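Me: Hi! I have a protein model open and would like to get to know it. Could you walk me through some of its features?

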Amino acid sequence: MSRTALRICPLCEATCGLTLTIDGSRVTAARGDADDVFSRGFICPKGASFGALDADPDRLRTPLVRRDGALREASWQEAFDAVAAGVRPVAERYGPHAVGVVLGNPNVHTMAGGLYPPLLIGGLGTRSVFTASTLDQMPKHVSSGLLFGDANAIPVPDLDRTDHLLLLGANPLESNGSLCTAPDFPGRLKALRARGGTLTVVDPRRTRTARLADRHVPIRPGTDALLLAALAQVLFEEELTDLGALAPHLQGVAELRAALGDFTPEAVAAACDVPPEEIRVLARELAAAPTAAVYGRIGTCTVPYGTLASWLVDVLNLLTGNLDRPGGALFPQAATDRTPRPAGPGRGFDLGRWHSRVSRHPEAKGELPLSALAEEIDTATPDGEPVRALIAVAANPVLSAPDGDRLDKALGSLDFMVSVDPYLNETSRHAHVVLPPPPPAQSPHHDFSFNTLAVRHQVRYTRPAVPLEPGRMAETEILARLVLAATGGHGADPDAVDAMVVERTLGKAVREPHSPVHGRDPRDLAGLLTGADGPERRLDMMLRLGPYGDGFGARPDGLTLEKLLAHPHGIDLGPLRPRLPGPLKTRSGKIELLPAPLAADLPRLKRALADRPAGLVLVGRRHLRSNNSWMHNVPALTGGSNRCTLHIHPEDATRLGVRDGAPVRVKGAGGAVTVPAEITDGVRPGVVSLPHGWGHDRPGTRLTHAATVPGANVNQLLDGTALDPLSGNAVLNGVPVTVSTPA
């Protein structure tokens, strides 16, 4: 007999509510939850395929341990014994930095991924930390850190109230949004236009989002920072700035004006391939709109000037008075955020507190560039030990990072590797131990990260829709045991990890004067926590201490886990609202418009005014039915338009003798791949496009369907040396390539 259960979709950043149909222990259907307070019934093809992904027969069901060179099924006890025996000797002999940690994108889509990796990194004491952020969004974290003093203080566009949206390097009709959590992003953009608002899209491709827009600006790839600088210059030159209520919170307006003076529309036009008058019109429309928001995403981050572009997005929001304003760009406040502290100067944000061992890349936000992982493993230097052991949690950098061939070889040379992954994929096949989490239907879900980026305040939590199968282990327990095994606590009760966090957090809270529990006994507070297990108790604690919480009884109407469980479709907490100066943690207590690292990088941007690509340049693309390399093993999510083809403009195809559907060889600094050509005027002349996440053709994996349509790894065209210097983010777009027909 079938039943239904609610589940928040973990397959992209939109976090839509789902209603699952379950027969026995199997999810047989998924539809949008019409009563979800945030998504209101919206669903995309990924969410509709939840059951197929959940029941994928290639998902690992038991741990694997390498014996005699081969991975074999083992018990959980054997697996964690092997982790302790493999990681601890490396850390004790060579030091903590010889143990690396790689965190993949799926970590932010699971409750366990939000709770335990910081404990793993802190317990190891390692600086060899690499995450997917340096392939995607680190420039935004760095620019926010420098502007606002907090790398996680990222303003999001107020989609539901803005009159004018200028969108750069983003295609939310395909990606469902990024660093802007918004179920039904397409519907929100259509509603913007229906209420008389304006949508302008800047993108070298005529994407589905660009086709919806009032204006599409087909910019030359990689030049977004130049265009944004010119827009700011016009605002200053034509006296169009309107700081409004922001003025008391700003520092460095005059210095910013002087620093951007040379980036006139006439100066940047040739490099951007955007006419000067069009640039001036864009600036004037932005300034004239009753409310407006500028939003830039992956196309503005994965380029040589990613941090400058991310900074200039917020500069434009600031100069037009639209930051921290309804209808502009505002700072969300999640229900599990820390207790708001009084406004005032903070610790600020520093870059380069340490450097990578080989190429001396500066850390950013405690991370080193994932592009540097291979050399940190395979290159000896007098300055410290190479990475000899690696813990990869939900990460597949062989496909997602530049020069996968080199990393593939480097992973094979490690003394020890453990991978937390449901699949034996291109990366986990190298592990000595593979720890498989259960399918998503068997896991609880709360969005710790994405609620800090949501376009509306709300809070939702879903317990597992299906009980754990026999022999499975909850992902939260897997990661708690991993923390213990890797940090010297192997054999201890995994509940002790959560109990330690509760004790430390409450002990700190009672000492903070601004806390609602100041002066109380932390043991008494711990006794008030509810929840079926340690992770739920931690969630209850975070909700109670958070900005909407009950403060352990101090605010009786506030949030608790019990109250959240009583609202299975979530609790709406209202629209985004102005918060300044609360989010600011700069040393000055103000928004520092021209931080020294950014000012020092502007001459490099100025030199780009003379850049003219001589040949073709490559950009990536996303598809609605995939998310990086995750989902190509689900037949329902591949095929049709979701194919690994090279988009090439008809003019370039004619010049190169390329035929539609015929194989072409694409070569970059890191190597070459062969893919079918797809001739389309959806890309501008001089630009070709390959999707991200393909290349499922390596031996030793267990991805049956993906191997039948492997595609090609676009990141193999990169050698990993091209990075945004401030953030360490890989340059994935605007990359020079050559295209030829195979002999």
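**A chat about cavities, helices and a pocket**

Reply: Happy to! The second largest cavity is lined by Lys140, Ile154, Pro155, Pro157, Leu179, Val294, Tyr295, Gly296, Val313, Asp314, Asn317 and Ala329. On a 1 Å grid over the protein atoms alone, a cavity is a set of points where a 1.4 Å probe fits but cannot get out, and lining residues have an atom within 4 Å of a point. This is a predicted model, where local features need pLDDT of at least 70 and side-chain atom pairs count only at pLDDT 80 or more, while totals for chains, interfaces and linings use all residues. Residues are numbered from 1 along each chain as its sequence is written, and side-chain values use heavy atoms, with hydrogens and water left out.

Me: Which elements give two or more residues to that lining?

Reply: Strand 13 (293–296) and helix 15 do. Helices (H or I, at least four residues) and strands (E, at least two) are DSSP runs, numbered from the N terminus.

Me: And what volume does the second largest cavity have?

Reply: About 80 Å³. A volume is the space filled by probe spheres set on the grid points, which are joined across faces, edges and corners. The structure holds six cavities of 30 Å³ or more.

Me: Back to helix 15. At what angle does it pack with helix 6?

Reply: Helix 6 (residues 138–148) and helix 15 (residues 306–319) pack at about 50 degrees, and their axes are 8 Å apart. Axes are lines fitted to C-alpha atoms, for helices over the stretch in contact, with angles running from 0 to 180 degrees between N-to-C directions. The two helices are therefore oblique to each other. Angles under 35 degrees count as roughly parallel, over 145 as roughly antiparallel, 65 to 115 as roughly perpendicular and the rest as oblique.

Me: Which residues of helix 6 and helix 15 meet?

Reply: Among them, Lys140, Val142 and Leu147 in helix 6 meet residues of helix 15 that include Trp311, Val313 and Asp314. Contact means heavy atoms within 4.5 Å. The contact has seven nonpolar, five polar and two charged residues. Here Ala, Val, Leu, Ile, Met, Phe, Trp, Tyr, Cys and Pro count as nonpolar, Asp, Glu, Lys and Arg as charged, and the others, Gly among them, as polar.

Me: New topic: how do helix 20 and helix 22 cross?

Reply: The axes of helix 20 (residues 495–509) and helix 22 (residues 534–545) come within 9 Å and cross at roughly 15 degrees. That makes helix 20 roughly parallel to helix 22. Their contact includes Val501, Val502 and Leu506 of helix 20 and Arg538 and Met541 of helix 22.

Me: What about the second largest pocket, how much space is in there?

Reply: About 480 Å³. A pocket is an open set of points with protein on both sides within 12 Å along at least five of seven lines. Its lining has 30 residues, and Pro304, Asn733, Gly734, Val735 and Pro736 lie nearest the centre of the pocket.

Me: Which element gives the most to that lining?

Reply: Helix 10, with three residues. By class, the pocket lining has 18 nonpolar, seven polar and five charged residues.

Me: Where's the cis peptide bond?

Reply: From leucine 580 to proline 581, with omega near 5 degrees. Proline 581 sits in the loop between strand 19 (571–575) and strand 20 (591–592).
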